[in-house]
Structure formats: C-alpha cells, structure tokens
Amino acid sequence: MSEADISILFSSPTSGTVQTASSSRHPSGAAEPPRKRQRTTPFASRESSPMSRQATPGLVAGQSSRRSTPPLSQAIMSNQSVHTSSAIPGQLGAFKLMTGNGSSEPPGDADMVGGGGDAEAGMKGEGSKGKRREMGSHSADGDMVWEADHGGASSVTECAARSPLVEDEDEERAARDGEFYIDTADCVIRVDNTLFRVHRYFLGRDSSAFQHMFSIPNACVPSHNLEGYSDDNPIRLYGESVERFKALLSVIYDLPLQLQVYNTPAANVERLLTIAEMADKYHFASIETWAVDALYNVISGLHGPPQPEYELTHCSSAWMKRLLEVALLCGHTPLRNYVADRWVERILARDLRPVHALEIADRSGIRRLQGYAYYVQLLEMDENFEPGVVEDGKQYARSRLGGGILSLTTAAGAAAPAPGTPAVLTREQKQRLLSGHWSLTRLWEHLRLNAPKFQRSDGCAYHQHGCVTTWMAVWREVARAENTLRWPGADVVGRLKAMEEQLFMHADLSSALSTQCKRSALLALKATMKEVQEGLADRFVDRTAAAEVAHSAEGVEGSASSKV
C-alpha cells in the first residue's frame with residue numbers, strides 16, 4: 001500500500017494532523033531518521049466538527065466519551081458522503097443526551113489509536129503499518145498514542161473489518177431493569193449501570209430528541225455496530241438518573257386510566273415535577289404540556305386541597321423555588337403567577353425568608369416577587385448590613401420595628417429572632433438593597449410633604465379653601481405622628497398604612513370635609529399606596545452600575561464631539 005493510501009485510511013475530512021507510518025527521504029536520497037512518537041488526532045476538535053456546527057435539535061452534548069467514532073459514522077451523523085473504501089465502518093457513536101447547549105455530536109476519541117481499529121488486530125501483526133503500545137498504555141494526560149514504525153502496509157479491507165471500540169476491562173457490567181427491560185422491544189438504553197429495553201416507536205414520537213437521533217441515516221453501518229440494538233452496544237445517556245428516566249418511561253407506557261391519578265388531590269407532585277423536567281429535557285412536547293397542566297391543577301386546588309406537604313401555605317422556600325423553576329422551564333404562565341403570588345404572601349407574612357427569592361426573581365424578571373423580596377429583605381438587614389438567617393419560620397424573622405439600621409425606634413418587648421445559619425448576599429444584591437434604601441427614603445420625604453390630590457365632589461361649595469386646605473394640614477400632621485414614625489424610614493408602605501388608619505378616624509377630616517370629599521381623599525391615598533407597591537422593583541436598581549454606564553456613554557459622546 002502506498003503512503004497516499006495510508007493517509008486516506010487514517011484521516012478524514014474533519015481530521016486534524018495525522019502522523020503516517022511511512023519513512024521519508026531527504027532530497028539527497030538519504031533515509032531520514034525515524035520520527036519521534038507523536039500523539040495523533042484522528043478527528044478534529046469538538047468545536048470544529050460538523051456535528052457541532054450543525055447540531056441535531058433535542059440532543060445535547062456533555063463531556064467527552066470514552067468511546068470514539070470512526071470517520072464513517074461521523075460522516076453519517078453530519079450527513080456527509082464517505083466512500084467505504086476510505087473509512088472504517090463503525091457505530092454511530094455513543095450519544096450523550098445531557099443538559100447542555102442543545103447540540104448533538106459523536107463522543108470523543110480518547111481511546112482510538114491511529115484513527116480506529118481493534119486493540120490487537122492489524123496493530124501488532126505482520127504487515128501492519130504501525131503498532132499500538134501495550135494494552136492500556138496512555139500518554140501522560142490519559143490519551144492513547146500512535147507509535148509509528150516502518151512495517152509493511154495493511155489492506156483497507158483488513159482495517160475496515162476491525163472493531164472501532166476499545167472497552168475498559170474493569171467497566172462495571174450493567175444490570176437489566178426489572179420493569180422497563182422489555183424482551184420484545186427494539187431499543188437498548190443504558191443509564192448509569194442499568195439497561196432499559198424499550199420500543200423505538202414510543203421514544204420516537206412527539207418530535208422528541210430520540211426521534212431526531214433515530215432519523216440519522218445509517219444504511220452504510222453494519223447492523224451489529226449500530227447503537228441501541230444489543231446489550232453490548234446500548235445508547236448511553238450520560239449524566240442521567242435511573243429513577244428520573246424511569247419516571248419518564250412510566251408516563252410514556254402508562255394507560256389513560258393510570259394517568260388519571262395525576263389529576264386528583266392524591267397526585268404525587270414530586271413525580272409530576274420530575275416528569276415535566278424530563279419531558280422538557282428530551283423534547284416530549286405533549287407530555288410536558290400535560291404534566292405542567294396537571295401540576296397546576298393539583299397545586300391550585302382545582303380538584304380539591306392537595307396533600308399537606310404540597311400546600312403552598314405550609315411548604316418551604318426550596319419547594320416554592322422548585323415549583324417556580326419548573327413553571328419557568330416549561331413556560332407555564334398560570335403556574336408561574338400562582339406560585340409567585342403565594343410566595344409574596346408568605347414573604348410579607350414573614351413566614352419565608354426573602355433571601356431565597358432574590359436570585360430567581362432577578363433571573364426571571366417577575367417584578368412583583370422581585371420588588372417585595374428586596375423590600376422585605378431590606379427591612380431585615382441589621383446594624384452591620386447583614387441579611388439574617390436562611391431558616392424559614394416567623395421565629396427567625398426580625399421585627400419590622402426592631403433596632404436595625406433602617407428603624408428609628410426599637411419596639412418595646414420585641415423578641416429577638418432565633419439563631420440560625422447566616423445568609424449570604426452577592427455584591428449585586430447588596431448594591432440593589434443600598435439603592436433601594438436611598439430611593440425609598442427620598443420617596444418618603446416627598447410623600448410626607450405632599451398629600452395625594454383628589455377630585456372635587458358634587459355639591460362641595462368650599463372645596464379649595466375648605467376641603468383641600470384641611471386635607472393638606474391633617475396629612476402633614478399625621479405624617480409626623482408617633483404611630484407613623486415608629487415604622488422604619490425605608491418602610492414607605494408601612495408608614496402609609498399607619499397613616500391610613502389614623503386619617504380614617506381623624507376628627508378634623510370628619511368635621512371639615514364633606515362625606516364625598518373625605519371618601520375621595522382616602523381613595524387617593526389607596527391609589528398612592530398601590531402605585532408605591534407596584535413600583536417597588538424599580539426602587540431596587542443597581543444605581544452604581546447605571547451611573548457607570550451613563551458615565552461611559554458621556555465619555556464616548558465627549559470624544560466623538562471633540563473629533564468633530
């Protein structure tokens with residue numbers, strides 16, 4: 001075999017530099033000394049492979065596999081046309097369906113030697129172009145190496161017949177699952193050390209990730225080399241949990257009567273969450289929609305009160321967060337809003353610590369949850385600007401009238417919060433809290449001097465000089481009252497509620513204002529409180545970052561104007 005034939009054998013359109021085993025001569029005709037042993041790169045890097053440039057929807061890539069894909073199967077997966085005489089037939093590669101960037105690609109080639117071939121045949125025997133070091137020999141970083149020598153050339157047919165895979169001898173043998181290893185099925189999947197044998201028809205429905213994988217052309221690959229057709233060569237789902245995969249299979253194989261239990265108060269909400277997450281991960285759109293709808297129906301009490309451990313009035317912050325994560329993952333707006341509203345209620349009742357809601361509120365952009373979470377967290381900061389503890393429960397809450405940096409007075413007899421695990425805030429979260437404190441205190445300074453305006457009622461003869469003047473005087477008087485100032489300076493909502501109670505019972509308003517004007521004035525106060533509550537999220541904007549952006553923009557404009 002010529003040197004060109006050997007180059008064709010151990011290279012591919014996507015391969016990197018390959019060291020051939022042939023010797024070369026100097027122009028003078030003298031034989032060049034044997035080259036030093038170098039590690040070959042039978043295939044290109046993952047970033048430059050066709051599969052990474054043209055990802056199959058639904059298949060996501062994880063870490064590099066210990067298996068490798070020969071040039072033919074790599075070309076099959078990238079829809080390239082490869083002649084069988086210039087490539088080694090092999091499997092389609094161990095697909096790695098893992099949570100990642102949404103791309104699908106064949107595994108790495110850490111165990112390949114010289115671009116493919118069996119560990120023994122064609123590597124050590126006579127007529128081989130090169131030889132492999134002793135079985136299990138690796139380089140310093142764990143990769144197999146190709147050791148060039150100057151033996152005779154082997155035939156393409158001989159190389160093509162070799163097995164492309166090298167299995168680890170100490171690999172644990174997988175056990176068959178007792179429920180979902182179906183003898184009559186036609187697709188073997190390995191998760192961890194468990195084998196599942198299921199029907200391709202069920203996995204390939206609903207535009208799932210498996211449907212895209214099964215649609216990859218494989219006519220040129222021998223049937224015994226195809227993944228998923230035997231226990232010895234299963235489709236591997238790396239990074240997956242056996243129990244979670246069984247939950248997905250259960251809903252795929254269950255009958256309608258068995259699925260009906262998920263739409264009753266006795267439904268297992270934990271399992272529904274897992275099914276929704278798995279259906280989203282592997283792109284089973286119909287199953288995902290069904291699961292998240294059933295989850296909302298159970299949580300919201302559509303079929304009756306759920307089991308006590310699943311009621312949102314008693315659950316933990318971690319449970320709230322997981323429910324909201326699934327709602328956001330599946331794009332289910334009713335479930336998202338329902339969970340966020342119940343979470344806000346528990347935070348305002350000081351039953352749940354707001355620190356647990358800050359990150360997901362910032363990430364999801366749910367303004368009501370974000371505003372109230374930061375608002376209550378601001379009220380729980382102590383003298384050293386520490387956020388308190390992570391444990392839920394009213395016994396761990398700091399009193400809104402306690403002696404923190406935000407309060408003006410200390411409530412008499414206020415109980416100290418129970419000790420717990422200190423919470424930790426990020427720098428951005430602390431910046432937001434400081435910006436919120438500054439913004440809310442400035443807002444109060446404006447509100448205490450400017451009473452809400454209200455429209456003149458029918459039949460009021462002295463509205464401007466009677467009702468409005470009295471309303472302004474009483475408003476400023478109540479804003480300075482002890483019952484108002486006992487709330488922290490940044491607790492604008494608390495102070496406005498305290499003023500509402502005092503104004504409703506104030507004697508001067510009852511005597512000087514007409515009944516209709518007094519009602520209009522109190523309604524104007526309620527509208528002001530609602531406006532403040534709805535705009536809480538805007539108060540907690542990192543103003544230092546905004547100032548830096550504005551300063552940079554001014555610098556750019558200044559340099560542009562100077563150039564002009």
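Guide: Let us begin with burial: a residue is called buried under 20% relative accessible area, exposed over 50%, and partly exposed in between, using a 1.4 Å probe and protein chains only. By that criterion, buried residues make up 47% of the 564 residues in the protein. This is a predicted model, in which local features need pLDDT of at least 70 and side-chain atom pairs count only at pLDDT 80 or more, while totals for chains, interfaces and linings use all residues. Residues are numbered from 1 along each chain as its sequence is written, and side-chain values use heavy atoms, with hydrogens and water left out.

Visitor: How many helices and strands does the protein have?

Guide: Helices (H or I, at least four residues) and strands (E, at least two) are DSSP runs numbered from the N terminus, and the protein has 22 helices and 6 strands.

Visitor: At what angle do helix α9 and helix α10 pack?

Guide: Axes are lines fitted to C-alpha atoms, for helices over the stretch in contact, and angles run from 0 to 180 degrees between N-to-C directions. Helix α9 (residues 269-281) and helix α10 (residues 285-299) pack at about 155 degrees, with their axes 8 Å apart. That makes α9 roughly antiparallel to α10, given that angles under 35 degrees count as roughly parallel, over 145 as roughly antiparallel, 65 to 115 as roughly perpendicular and the rest as oblique. With contact meaning heavy atoms within 4.5 Å, the residues that make it include Leu272 and Ala276 of α9 and Ala291 and Leu295 of α10.

Visitor: And how do helix α12 and helix α14 pack, at what angle and axis distance?

Guide: Helix α12 (residues 333-348) and helix α14 (residues 367-379) pack at about 15 degrees, with axes 10 Å apart, which makes α12 roughly parallel to α14. Among the residues making this contact are Trp343 of α12 and Tyr372 of α14.

Visitor: How many aromatic pairs does a search of the whole structure find?

Guide: Rings of Phe, Tyr and Trp (its six-membered ring) pair if their centres lie within 6.5 Å, and planes under 30 degrees apart count as stacked, over 60 as edge-to-face and the rest as tilted. The search finds 13 aromatic pairs. In one of them, the rings of phenylalanine 202 and tyrosine 253 have centres 5.0 Å apart and planes at 65 degrees, so the pair is edge-to-face. This pair links helix α5 (residues 200-203) with helix α7 (residues 242-253), its two residues being 51 residues apart. Phenylalanine 202 is partly exposed at 24% relative accessible area, and tyrosine 253 is partly exposed at 22%.
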